[in-house]
Amino acid sequence: TKGAYTGATETKAGWFEIADKGTLFLDEIVEMDHSLQTKFLRVLEEKKVTRVGSTKEVEVDVRIIAATNQDVDKMVEDGKLRIDLYHRLNIFHIHIPPLRERGGDIRLLSEYFVKKFAREMKKGEIDISPGALKKLEKYKWPGNVRELQNAIERGLITLKGRILEAGDIILPEEDPYI
């Protein structure tokens, strides 16, 4: 709300108002501060928000998708995630195994990332060699898909030819800067 705090020169809608009649994706919700978890729970239950500096409530209809790569049960047990918020969010649970448990996805993801980054970097058609795919498939991927994405993007940044070879890819265990 205009004038609600120093420097507030106009009224701005918050994330819930912007997402009204839509979906809001919250990544790593378990890292949310407890006081914010309380406010968030209230919004989920009452379906209303109050702008900073205002006394007027605004109704919102927002679907929430919350994601984390942490053990949610442990976070609840350790008191880092409110159990009532956990139950409010845990309406439909989807478990996606980490990349290290989905070796069959590496080839498809690698080919996709090569095409995506080659297009973004305006490098034209780039292929990935069988040797590069084998290197990527052998790696245990302690991180996630983003780690694979970064390895391929880095390889394409320095690529001189039209084929991404195993030697063009530096895996995290090979990176002297990590």
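The structure is a predicted model, in which local features need pLDDT of at least 70 and side-chain atom pairs count only at pLDDT 80 or more, while totals for chains, interfaces and linings use all residues. Residues are numbered from 1 along each chain as its sequence is written, and side-chain values use heavy atoms, with hydrogens and water left out.

**Where helix 5 meets helix 6**

- Helix 5 covers residues 105-120 and helix 6 covers residues 130-138; helices here are DSSP runs (H or I, at least four residues), numbered from the N terminus.
- Their axes come within 9 Å and cross at roughly 125°, where axes are lines fitted to C-alpha atoms over the stretch in contact and angles run from 0 to 180 degrees between N-to-C directions.
- Helix 5 and helix 6 are therefore oblique to each other; angles under 35 degrees count as roughly parallel, over 145 as roughly antiparallel, 65 to 115 as roughly perpendicular and the rest as oblique.
- On the helix 5 side, Ile106, Arg107, Ser110 and Glu111 make contact with Leu133, Leu136 and Glu137 of helix 6 (contact means heavy atoms within 4.5 Å).
- Sorted by class, that contact has 3 nonpolar, 1 polar and 3 charged residues (Ala, Val, Leu, Ile, Met, Phe, Trp, Tyr, Cys and Pro count as nonpolar, Asp, Glu, Lys and Arg as charged, and the others, Gly among them, as polar).

**Aromatic pairs**

- The whole structure holds 4 aromatic pairs; rings of Phe, Tyr and Trp (its six-membered ring) pair if their centres lie within 6.5 Å, and planes under 30 degrees apart count as stacked, over 60 as edge-to-face and the rest as tilted.
- Phe16 and Phe40 form a tilted pair, because their ring centres are 5.8 Å apart and their planes stand at 45°.
- Phe16 lies in helix 1 (residues 15-18) and Phe40 in helix 2 (residues 34-46), so this pair ties together parts that are 24 residues apart in sequence.
- Phe16 and Phe40 are both buried (buried means under 20% relative accessible area, exposed over 50%, partly exposed in between, with a 1.4 Å probe and protein chains only).
- Phe113 and Phe117 have ring centres 6.1 Å apart and planes at 25°, so they are stacked.
- Both Phe113 and Phe117 sit in helix 5, 4 residues apart, about one turn of the helix, and both are buried.
- Tyr112 joins Phe113 and Phe117 in a cluster linked by ring pairs.

**A loop residue**

- Asp78 is found in the loop between helix 3 (72-77) and helix 4 (83-89).
- With a relative accessible area of 38%, Asp78 is partly exposed.
- Asp78 and Ala13 are 65 residues apart along the chain, and their C-alpha atoms are separated by 34 Å.

Technical notes
Helices (H or I, at least four residues) and strands (E, at least two) are DSSP runs, numbered from the N terminus.
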